[in-house]
Amino acid sequence: MTAPATPGPAAAPTAASQRRSLRSRAEEALLPPLVALLLAVVVGDVLILAFGQSPGAVYRLLLEGTWANAYGFGQVLYKATTLVFTGLAFALGVRAGLFNIGAESQLAAGGFVAALLGLALPAGLPSLLALPLFVAAAALGGGAVGAVPGFLKARFGAHEVITTIMLNFVVLALLAYFVSSYLHVPETLHTEEIKTGGLPRLADVIPSFHGSAANSTILLAVAASVLVWWYLFRTRPGFELRAVGLQPEAAEYGGVRVGAVWWRAMAISGALAGVGGLNYVLGYKHYYEEGFAAGSGFLGIAVALVGRSHPGGIIIAALLFATLSQGGLAVNALVPKQMVEVLQAVVILAVATSVPEVERLLRGMRRRADRGGELAGGQSGPAVAATERRPAGGVV
Amino acid sequence: MIELAFVWQVFRIVIPYLFAAAGGVMSERAGLIALTLEGYMLSGAFCAAIASYYSGSPWAGVAAGAVGGTLFALLYATGSVRFRANQVVIGIAINLLAVGLTRFLLRLAFDSSSNSPRVPGFMVAESGAGFGALIRNPLVWAGLLAIPAVAWLLYRTPFGLRVRSVGEHPEAATSVGVSVARVRYAAAALSGALAGLGGAYLALDQHQFTDGMTAGRGFIALAATIFGRWDPMRVGLACLLFAAAETFQIRLQGAQVIPSQFVEMIPYVLTIVALAGVVGRAAPPAALGKVAE
């Protein structure tokens, strides 16, 4: 049932042009994040100096508090785990030409449904048996929330950006109602503790991670990344999804049911975000708590953007944003941790604005290079045709 | 049975919605998605509090509020017009930036992570929240005028015609010599100033800035913009409806007739219903969110 992954270039490219297109694709992918990091450092310097501290000392503290000790690194891994899920969720939507801004509530709904299941399951159930049930429950919770805007778009043409934003408020209010009216432990905003199916912490295997929240959900995150890559680039439905993302009219003409693809993509996207809820509910606290998503859903957009909507890039970008989040806590003694919120926003702004610029620049350079090659009598391959097209939904 | 106190409270709540939604209409009619209203409001509230605190005059706060919103709006317009970046992504970054920057500056200016000290506002403390206090607050009058002003601008001036043409068909606008970029910058700046005034109203009304004090009001204003189908007068009515629902919920608190969360949902559910076209079709400006070549 697998179809060829990428529509092959029109003609067989020469080795030289293939090498060149690979290089320009690497440049296209790496330049914007580099520009963004540079800009973030500059803005960071300004903020740090405004607080009367030395940038060098703050950045050193940021790195020491994250990658240089096991606890900090564990926290980075924990935060990155959730971000991988929400990043994948947004990226899968983008590949279908859809903007799922609802990961925040899909994440919460996934965690909530998983917690409901956990409270209902008998305490003695073996973890290995419970885990698939939990994954299914979380995927169902997030997927259901994602499917609604997908359906509304396919059936009524309602724009998914607005419906997902609005649904965020509706779903979070609904969950708050259930928790505060029926499920909470008095004086708290969380449910009773889940007695079954807790995921082992990384500290159980590597003792130096002791105290950090990193847990085996990270394996699920890696598995999800591989699965999404396989689905997008190695299966027929994934190919259809990308075709719809690139050019819905052409896909429709080619026999793809665009509405069904939208619907499916939003459901899968929501399910991915939902499974991310396990990181907190099953891996860390063992209960559902109101507001646990805490912006991870929105940061997923940034992660997908910097990771260029590719599962591999998303893992790296998730580590970057998790490092910033955790680093904020590490430097809080010198400068307010809110500094990293500003830097995260700067990174998003810089990447989002420089991606179209870099693409245009490289395209111009390539065109000049090709013209030069033809003049020299060399046979230049279809370098432009071989470059990957971005989804029509916009440059992300 | 409507008590007068209920009416005054609706007015007090609706003013920031009217400001922000007027900005929302302006922005969306020019083709710029108004996801950023929340950020404009937050920035406006913060700048208003700072200026009012240091100058001792609420009028300085009003001016600073408008400037604070405008600066963020110009950043948004630069990203989406000059750099042709995706409006949704940029918009979310602008909101994150507003949250982060106001928190950081709150720490920097007042060494607090939650709120500013008390700042001068328009109301005299003992007048309370009733009618007397309302009519003595110039921002209330400005807020009531915001929607009619935007309606007049959009439908009765050459600028408004350009805004609408840029939002519906930028290529056609370009072909008759209208600069899409310039119109979008202007509409964005106006939208930022209006939403910033809404934020200034909040800060001056509560006599302080508190972290995240806009609390989703920018998104309610966006909901009103869409639920009112991008038409200023309908949008104003939508704001009134949402504010009445909110007042109702505040009044009912403790009575437990309807859980407060369900009342909170009303604007968002109505907007989704409107977008799905269950009661009439809500068609956005044709070029909304699109990059103009």
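Analyst: We may begin with a definition: a salt bridge is a side-chain nitrogen of Lys or Arg within 4 Å of a carboxyl oxygen of Asp or Glu. Side chains of opposite charge can pair when their charged atoms come close. In this case, Glu341(A), Arg103(B) and Asp211(B) are linked in a network of salt bridges. The model is predicted: local features need pLDDT of at least 70, side-chain atom pairs count only at pLDDT 80 or more, and totals for chains, interfaces and linings use all residues. Residues are numbered from 1 along each chain as its sequence is written, chains are lettered from A and ligands numbered from 1 in the order in which they are written, and side-chain values use heavy atoms, with hydrogens and water left out.

User: How many salt bridges does the structure hold over all chains, and how many does the rule find across the interface of chain B and chain A?

Analyst: Over all chains there are 5 salt bridges, and the interface of chain B and chain A has 1. In that bridge, the closest N and O atoms of Arg103(B) and Glu341(A) are 2.8 Å apart. The pair runs from helix α14 (residues 338-375) of chain A, which holds Glu341(A), to helix α4 of chain B, which holds Arg103(B). Helices here are DSSP runs of H or I with at least four residues, strands are runs of E with at least two, and both are numbered from the N terminus.

User: Is Glu341(A) buried or exposed, or partly exposed?

Analyst: Buried means under 20% relative accessible area, exposed means over 50%, and partly exposed lies in between (1.4 Å probe, protein chains only). Glu341(A) is partly exposed because its relative accessible area is 23%. Arg103(B) is also partly exposed, at 24%.

User: How should I read the size of the interface?

Analyst: The size of an interface is often given as the accessible area lost when the parts come together. Buried area is that loss, found with a 1.4 Å probe and summed over both parts. Chain B and chain A bury about 3,700 Å² between them, with 80% of it on carbon and sulfur atoms. The contact, meaning heavy atoms within 4.5 Å, takes 44 residues from chain A and 39 residues from chain B.

User: Which salt bridges lie within a single chain?

Analyst: One is between Asp205(B) and Arg12(B), whose closest N and O atoms are 3.0 Å apart. This pair links distant parts of the chain, 193 residues apart: Asp205(B) is in helix α9 (residues 180-206) of chain B and Arg12(B) in helix α1 (residues 4-29) of chain B. Asp205(B) is buried, at 10% relative accessible area, whereas Arg12(B) is partly exposed, at 30%.

The other joins Arg236(A) to Glu240(A), with the closest N and O atoms 3.8 Å apart. These two residues are separated by about one helical turn, because they stand 4 residues apart in helix α8 (residues 236-246) of chain A. Arg236(A) is partly exposed, with a relative accessibility of 45%.

User: What does the secondary structure of chain A come to, and what share of its residues is buried?

Analyst: Chain A has 15 helices and 0 strands. Of its 396 residues, 52% are buried. Among contacts in chain A with a separation of 6 or more, 78% are between residues 24 or more positions apart.

Conventions: Buried area is the accessible area (1.4 Å probe) that two parts lose on being put together, summed over both.
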